[in-house]
Amino acid sequence: MATPLSEEFVRALLKGSLSTAEIQQQAVFFGQDFAKPLSVMVIKIHGSTAEKLQRLIDFFEHYFPSLLTAVIGLDKIALLNHLSNEKSLIRNALNKLNDPDISFKTVVGLAVENLSQTHISYQTACHTLNYAEQIQSRKQIIHFEDFKLPALLHSFSHSWEAKTLLSPFQALLVSDKKQVLLKSLRYYFFANCDLDHAAKKLFIHPNTLRYRLEKIEQITGLSFNNIEQKFVLYLGAVLS
């Protein structure tokens with residue numbers, strides 16, 4: 001059951017502000033196995049209110065009392081989950097939460113070796129959630145592995161190196177006000193450059209998608225036939 005002390009411990013783990021010795025000491029106090037692999041799960045409530053947040057907290061405390069949990073925002077809860085029961089935990093939570101007023105998205109961070117690496121798992125979960133929202137993913141359960149590259153490149157995307165590398169891509173962002181071309185480019189790469197498959201996902205004719213890709217080449221000056229330039233287009237699509 002979550003207490004002010006246990007929540008404080010979880011938040012410190014998420015921040016990475018404790019030494020290994022401090023984590024080991026507090027893990028014993030809270031009955032946690034320091035050396036057991038785990039992943040951080042971030043749950044974001046859709047249309048969250050204080051009442052919905054509390055109901056979801058009460059739900060997890062009732063059905064999963066051994067989990068360390070903490071409120072990390074007005075619409076988010078973090079759970080520290082050991083890998084042995086990850087899939088069953090998510091499945092059981094969705095099956096048992098018989099509340100039509102509460103819906104949420106679950107993001108599972110990188111699996112780490114022990115409690116001292118909790119902050120790493122948490123960061124990957126947050127970056128994965130940010131990217132999933134950016135591309136408007138409708139998946140209810142998202143794993144870090146689903147969007148590993150953009151999640152890992154999150155910090156890089158704000159660097160001067162990224163701005164320099166992606167400078168040709170800025171012309172597309174400026175001219176593509178409604179993001180029609182950007183969306184088409186993303187779907188093209190998500191389909192592993194299968195033009196027909198991407199066109200079906202976009203509900204357009206393959207020739208229309210081909211025209212849009214050619215338009216992207218004209219605007220950016222980057223070519224899909226050049227591997228380095230194609231890589232820049234891919235990075236621009238996933239990081240913009």
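User: What should I know before reading the values?

Analyst: The model is predicted, so local features need pLDDT of at least 70 and side-chain atom pairs count only at pLDDT 80 or more, while totals for chains, interfaces and linings use all residues. Residues are numbered from 1 along each chain as its sequence is written, and side-chain values use heavy atoms, with hydrogens and water left out.

User: How many salt bridges does a search of the whole structure find?

Analyst: Side chains of opposite charge can pair when their charged atoms come close. A salt bridge here is a side-chain nitrogen of Lys or Arg within 4 Å of a carboxyl oxygen of Asp or Glu. The search finds seven.

User: Which residue forms a salt bridge with E7, and where do the two lie?

Analyst: The partner is R11, with the closest N and O atoms 2.9 Å apart. Both lie in helix α1 (residues 4–15), four residues apart, about one turn of the helix. Helices are DSSP runs of H or I, at least four residues, numbered from the N terminus.

User: Is E7 buried or exposed?

Analyst: Buried means under 20% relative accessible area, exposed over 50%, and partly exposed in between (1.4 Å probe, protein chains only). E7 is buried at 17%, while R11 is partly exposed at 34%.

User: What about R55 and E51?

Analyst: Their side chains meet in a salt bridge at 3.4 Å, N to O. Both belong to helix α3 (residues 50–63), again four residues apart. R55 is partly exposed at 28%; E51 is exposed at 53%.

User: Which residues are linked in a network?

Analyst: Salt bridges link K44, D75, K76 and E133.
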